[in-house]
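The entries follow the order in which I looked.

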Amino acid sequence: NIKENVAQLVGNFKEINYIEEKIHIWDIEMFNMYISKINKNDIIHKCIIEFLYLTGVRLGEATALTFNDIDFINNSIHINKNMTRYIDSNGKRIITTPKTKKSIRTISFNNYIRNSILELKQYYEKQYGYFKNELFIFGGIKAMSFTTLERKKNYYCKIANVPQIKIHDLRHSHACLLFMNNVPIDEISFRLGHSSISMTTDIYLQF
């Protein structure tokens with residue numbers, strides 16, 4: 001019931017010193033080079049980098065996953081939650097629903113990822129002396145730290161002599177990998193959990 005149009009009074013937002021953020025992509029050779037330089041004891045880091053690059057799942061979605069979400073028979077994983085960067089009063093990261101309805105999806109993974117996750121399962125069994133499906137895939141009893149992931153990523157990028165990219169750029173890398181292998185756009189869009197195909201083409205497939 002306001003008398004004046006607030007949007008008209010405020011006017012358009014001005015872009016002051018706006019610099020478009022460049023997206024960096026890893027091709028498969030860069031990915032393999034990075035993986036080859038990871039310390040053999042750094043199994044959780046190795047597995048999550050492989051998972052993010054070869055599935056295109058968002059970081060928050062990946063870190064919220066437990067072994068309950070995996071179907072090893074059909075090589076698929078159900079994504080229905082998202083780990084935020086926020087901490088609750090008990091010191092635990094907050095898990096919410098995914099960004100959009102289309103973010104709730106079941107996607108397939110190859111045997112490379114299957115074997116990598118099974119290796120993690122064996123790792124937790126050895127570390128804890130037991131295993132249960134409620135464990136986080138990437139972290140075990142406690143979900144892995146985003147800052148630790150970022151720090152190790154920066155370290156291994158230098159060791160492997162590959163371009164420094166953001167963790168989210170692995171998602172862009174996955175989209176480009178699929179596109180270069182002639183996967184239909186609508187399948188790429190579904191796999192990424194995008195709300196529209198235009199988001200996939202306009203943002204994720206810009207070379």
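Entry 1, conventions. I am working on a predicted model, in which local features need pLDDT of at least 70 and side-chain atom pairs count only at pLDDT 80 or more, while totals for chains, interfaces and linings use all residues. Residues are numbered from 1 along each chain as its sequence is written, and side-chain values use heavy atoms, with hydrogens and water left out.

I found 9 helices and 5 strands in the protein, taking helices as DSSP runs of H or I with at least four residues and strands as runs of E with at least two, numbered from the N terminus. Read from the N terminus, the order is α-α-α-α-β-β-β-β-β-α-α-α-α-α. Of the 207 residues, 41% are buried, where buried means under 20% relative accessible area, exposed over 50% and partly exposed in between, with a 1.4 Å probe and protein chains only.

I checked the length of α3 (residues 43–55): at 1.5 Å a residue its 13 residues should span 18 Å, and its end C-alpha atoms are 18 Å apart, which agrees; the expected span is 1.5 Å times one less than the number of residues. I then looked up burial and found 12 of the 13 residues of α3 buried, so the helix is largely enclosed by the rest of the structure. Among the buried residues are His-45, Glu-50 and Tyr-53. After α3 comes Gly-56, with a positive phi near 75 degrees.

I count 10 aromatic pairs in the structure, where rings of Phe, Tyr and Trp (its six-membered ring) pair if their centres lie within 6.5 Å, with planes under 30 degrees apart stacked, over 60 edge-to-face and the rest tilted. The rings of Phe-31 and Tyr-53 have centres 4.3 Å apart and planes at 5 degrees, so I list this pair as stacked. This pair joins distant parts of the chain, with Phe-31 in helix α2 (residues 28–36) and Tyr-53 in helix α3, 22 residues apart. Phe-31 is buried at a relative accessible area of 2%, and Tyr-53 is buried at 0%. For Tyr-155 and Tyr-156 the ring centres are 5.0 Å apart and the planes at 70 degrees, so that pair is edge-to-face; Tyr-156 counts as buried at 4% relative accessibility.
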